[in-house]
Amino acid sequence: MSTHSNIAFFIPHMGCSNLCSFCNQRIISGSIEAPSFYEIKLTCKREYNRMTSKQRRNTQIAFFGGSFTAIDRNLMIGYLDCVREFIGNDGFSGIRISTRPDAINDEILHILKEKSVTSIELGAQSMDDYVLRKNLRGHTSYQIEQACKKIFEYDIELGMQIMVGLPGQSKQSVIDTAKKVIDIHPETIRIYPVVIFKGSLIESWYNSGQYVPPSLDEGIELCSKLLELFNNNNIKVIRLGLHAQKTMEKDIVAGLYHPAFKELCESRIYLKKLKRLFKNLQTGLYKILVNSSEVSKVIGHKKSNIKVLKDAGYLVKVIGDKSIDIGELQLI
Ligand code: SF4
C-alpha cells in the first residue's frame, strides 16, 4: 500500500520500562500533552471535510511518539476507537502507529488488526545486540526479528526505524544492521542519525568524553551509503534525519543534526556519481543534464560538489531537464 501523508497525533510514551540512552523522554513528556479523544475527533473531522476522497485514500491517521502499544491498554483501544469512523469507505486509508519490538505480541496484533491498524513502525534502532545493550534499549535483535515476523503474519504493513552514530556502534555495525533490515524487507524505513539532546544519558557520556559522536561529514557519508542500499533494494526511505523544528533545536547539544540532512546525503550520492563520470575524462569545461528537480542536489550544499570537481580541474555547469530520469547524469 502506498500512502503519501499522515494526520499525526503525538502520544507521549507513558509506559517506558527503561530510559534509552539517546532519549530525552523526560523533557518531551514534560512538555507535550497527549490530545484528548475529543481533540482527535475534531481534527479528523476537519481534515475529512477539507480533503477530497482521493486525498483521503492516500492518508493515514497516525499515532506517533514512541511505544503506542505499551501505553495503558484501555487508553490505546480508546484512541483507536475514536478514529475508526473516519477509516475506510470514502475515508482515510488506515491507521499507522509506532512502537517498540518488545511491545508486539499476538494479543496486541489481534486488537490492532481488528481496529483497522494498517501500518506499524517498529523502533529497532540497531540489529546489533551489543549496541542495543549499550544504549539500554531493553530488547534484543531476536525480539526485533520476531516482532517483524509477527507483523507480517497479521498482514500489517511494516516500517522500521534505525539509528546511526550510537555509542558502541561501528560503521560496520551500521552496515550489518542495514543488511539485516534488507533481509527483513519492511515497506518503509526511517533513518535517525544520533542527535545529543539536553537531559539524555548520552549527553552525560558526551560531556565526560565517554562518547564521541561521528562528525557531520562521517554521518553524511555513512547515511548516504544506507540511502543507496535501501533505494537499491526497494525499501522506501521515508525519513532521513530529524524533522527540523526551531523549538527542538535549542535542546540540541551536539551530534548529527542538520536541517537538510537528507538532501546532504543525496548530494553525496551525486558526488560519487560525478567522480565516477569524470574519472577518465580530460580536465576542462563540461555541461551535464540532470532531472530538473535534482539540480540543487547535484550542485551540492553551498556548491560543494561543483567545488570538488573544480579543484580536480573540471568546470561543470549543471542543467535541469525534466525528461532525464532522477539519479541520472548525462554529459553533453
Ligand atoms: S526511545 Fe522510546 S522506548 Fe526508549 S525511552 Fe524513549 S520513548 Fe521510551
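1. Phe 9 is found in strand 1, residues 5-10. Strands here are DSSP runs of E with at least two residues, helices are runs of H or I with at least four, and both are numbered from the N terminus. The model is a predicted one, in which local features need pLDDT of at least 70, side-chain atom pairs count only at pLDDT 80 or more, and totals for chains, interfaces and linings use all residues. Residues are numbered from 1 along each chain as its sequence is written.

2. Is Phe 9 buried, exposed or partly exposed? With 19 C-beta neighbours inside 10 Å, Phe 9 counts as partly exposed. A residue is buried if 20 or more other C-beta atoms lie within 10 Å of its own, exposed if 12 or fewer, and partly exposed in between, with C-beta atoms placed from the backbone. Not counting residues up to four places away in sequence, Phe 9 touches Pro 35, Ile 40, Ala 62 and Phe 63; contact means that the C-beta atoms of two residues, placed from the backbone, lie within 7 Å. From Phe 9 to Ala 34 the C-alpha distance is 7.9 Å, and the two are 25 residues apart in sequence.

3. Helix 2 (residues 37-50) and helix 4 (residues 73-84) pack at an angle of about 30 degrees, and their axes are 9 Å apart. That makes helix 2 roughly parallel to helix 4. Axes are lines fitted to C-alpha atoms, for helices over the stretch in contact, and angles run from 0 to 180 degrees between N-to-C directions. Angles under 35 degrees count as roughly parallel, over 145 as roughly antiparallel, 65 to 115 as roughly perpendicular and the rest as oblique. Phe 37, Ile 40, Lys 41 and Cys 44 of helix 2 make the contact with Gly 78, Cys 82 and Val 83 of helix 4. By class, this contact of helix 2 with helix 4 has 5 nonpolar, 1 polar and 1 charged residues. Ala, Val, Leu, Ile, Met, Phe, Trp, Tyr, Cys and Pro count as nonpolar, Asp, Glu, Lys and Arg as charged, and the others, Gly among them, as polar.

4. Val 83 is also one of the residues that touch the most other members of the largest nonpolar core, which has 68 residues. A nonpolar core is a set of buried Ala, Val, Leu, Ile, Met, Phe, Trp, Tyr and Cys residues joined through C-beta atoms within 7 Å. Leaving aside neighbours within four places in sequence, the contacts of Leu 122 include Thr 99, Pro 101, Ile 144 and Met 160.

5. How do helix 8 and helix 10 lie to each other? Helix 8 (residues 171-184) packs on helix 10 at an angle of about 15 degrees, with the axes 11 Å apart. The two are therefore roughly parallel. In helix 8, Lys 171, Val 174, Ile 175, Ala 178 and Ile 182 meet Leu 222, Lys 225, Leu 226 and Leu 229 in helix 10. The contact of helix 8 with helix 10 has 7 nonpolar, no polar and 2 charged residues.

6. Two loop residues have backbone angles to check. His 185, in the loop between helix 8 and strand 6 (188-193), has a phi near 60 degrees, a positive value in a residue other than glycine. Ser 116, in the loop between helix 5 (106-114) and strand 4 (117-125), has a positive phi of about 75 degrees although it is not a glycine. Ser 116 counts as buried, with 20 C-beta neighbours inside 10 Å, and His 185 counts as partly exposed, with 13.

7. Helix 12 (residues 261-278) and helix 14 (residues 304-311) pack at about 25 degrees, with axes 10 Å apart. That makes helix 12 roughly parallel to helix 14. Ser 267, Tyr 270, Leu 271, Leu 274 and Phe 278 of helix 12 make the contact with Asn 305, Val 308 and Leu 309 of helix 14.

8. Leu 329 lies in the loop between strand 11 (314-320) and strand 12. Its contacts, leaving aside neighbours within four places in sequence, are Lys 273, Leu 274, Leu 277, Ile 288 and Val 290. Gln 330 lies in strand 12, residues 330-331, and touches Ile 288, Leu 289 and Ile 324, not counting residues up to four places away in sequence.
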